[in-house]
Amino acid sequence: MSPQRDRLRIAVQKSGRLAEPARELLARCGLRFRHSRDRLFCFGENMAVDLLLVRDDDIPGLLADGSADLGVVGRNVLAEDALGRGEEAPRELRALGFGGCRLSIAVPQEWSWSGPAQLAGKRIATSYPRLLTAWLTQQGIRAEVVTLSGSVEIAPRLGSADLICDLVSSGATLIANQLREVIEVAHSEAVLAGTANAPLDERGELQALLLRRLDSVLDVRESRLVMLQAPRTALAAISDLLPGRPAPTITPIEGSPDRIALQAVCNGQIDWSELEAMRRAGACAMLVLPVEKMLA
């Protein structure tokens with residue numbers, strides 16, 4: 001399946017924990033889509049950008065063979081594929097900040113854990129044999145890697161492995177299977193992946209535009225717009241309290257020459273204690289708003 005030369009294709013999960021956040025992120029970048037009848041494809045309505053709705057594990061392969069130009073995929077899936085594909089493997093272009101989890105070693109709860117050396121000679125069940133093997137090699141540990149495609153957490157109870165290496169988010173699944181996490185092998189989150197070289201036709205221009213919009217969305221995702229009024233004499237003290245110390249915009253208040261209106265884009269959350277500190281410094285009429293878009 002060769003891609004259309006004039007339309008950019010992005011592979012995303014059809015279902016799963018990355019599916020909805022990926023669609024929401026693309027919507028924040030200004031993209032609108034409509035579903036095909038088979039629900040396996042989304043046609044871009046306002047830009048020449050389409051979505052392929054696929055399994056997470058298939059995304060690196062679709063990128064490698066040119067069926068997709070970009071993909072939203074877990075870093076764990078991308079890294080596992082890259083270890084088997086070599087230099088031509090798709091690579092991470094942007095970390096997207098959602099779908100966070102970790103690939104970790106988990107042992108039966110009754111084990112007394114003393115450190116990685118305890119893994120020597122053990123059978124470890126995992127769906128990520130390349131990542132686990134690379135980590136064991138870095139640690140200088142020789143163990144048997146048992147590759148399973150699913151239900152990794154029940155392997156110790158079935159007797160097919162002594163322990164597991166699997167993705168952990170909340171840890172509830174481990175507890176339900178009488179396992180406990182002991183050491184992290186790798187951190188993962190959703191990433192935007194692509195090939196080393198952008199397409200040289202119209203798709204390359206679309207990709208560059210999308211990356212610019214994506215960077216803008218990611219930059220302001222945790223930003224807040226702070227608006228307040230204060231005596232002019234309190235300006236320095238209040239500015240020092242603004243998270244990230246941004247350069248505020250100051251506007252005189254008509255009819256009150258000794259008072260100003262301040263607005264500033266702050267990077268990060270603003271909690272009640274910070275607002276109360278600004279109030280003690282003289283601020284009033286304070287308003288904190290999320291930033292949806294910002295273009296320099």
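The buried residues of helix α1 pack against β1 (8–13), β2 (33–35), β4 (49–54), β5 (70–74) and α7 (202–220). Helices here are DSSP runs of H or I with at least four residues, strands are runs of E with at least two, and both are numbered from the N terminus. This is a predicted model, where local features need pLDDT of at least 70, side-chain atom pairs count only at pLDDT 80 or more, and totals for chains, interfaces and linings use all residues. Residues are numbered from 1 along each chain as its sequence is written, and side-chain values use heavy atoms, with hydrogens and water left out.

Back to α1, which covers residues 19–28: Ala 19, Ala 22, Leu 25 and Leu 26 are its buried residues. Buried means under 20% relative accessible area, exposed means over 50%, and partly exposed is in between, using a 1.4 Å probe and protein chains only. Looking down the axis of α1, these buried residues fall within an arc of 130°, so they line one face of the helix. That arc is taken from the directions that run from the helix axis to the C-beta atoms. Just past α1 comes Gly 30, with a positive phi of about 90°.

Now for the sheets. Two strands pair if DSSP finds at least two bridges between them. At the β6 end, 4 bridges join β6 to β12 (residues 190–194), and the two run antiparallel. There, Ala 95 stands opposite Val 191 in β12. Contact means heavy atoms within 4.5 Å.

Another open sheet has 5 strands in the order β9-β8-β10-β7-β11, again with mixed pairing. Its edges are β9 (144–147) and β11 (179–188); each has a single partner strand, so one side of each is left without a neighbour in the sheet. Strand β8 (residues 123–126) and β9 run parallel and are joined by 4 bridges, and Ala 125 has Val 146 of β9 as its bridge partner. Helix α4 (residues 129–139) lies across β7 (101–108), β8, β9, β10 (163–168) and β11, running at about 170° to β9.

Finally, two residues further along the chain. Thr 233 sits in the loop between β13 (223–231) and α8 (235–241), and it is exposed, with a relative accessible area of 79%. Its C-alpha atom is separated by 55 Å from that of Asp 69, 164 residues apart along the chain. Met 294 is in the segment after β16 (284–290) and counts as partly exposed, at 41% relative accessibility. Leaving aside neighbours within four places in sequence, Met 294 is in contact with Ser 216, Val 220 and Val 265. The C-alpha atoms of Met 294 and Ser 223 are separated by 10.0 Å, with the two residues 71 apart along the chain.

Conventions:
Axes fitted to C-alpha atoms, helices over the stretch in contact; angles between N-to-C directions.
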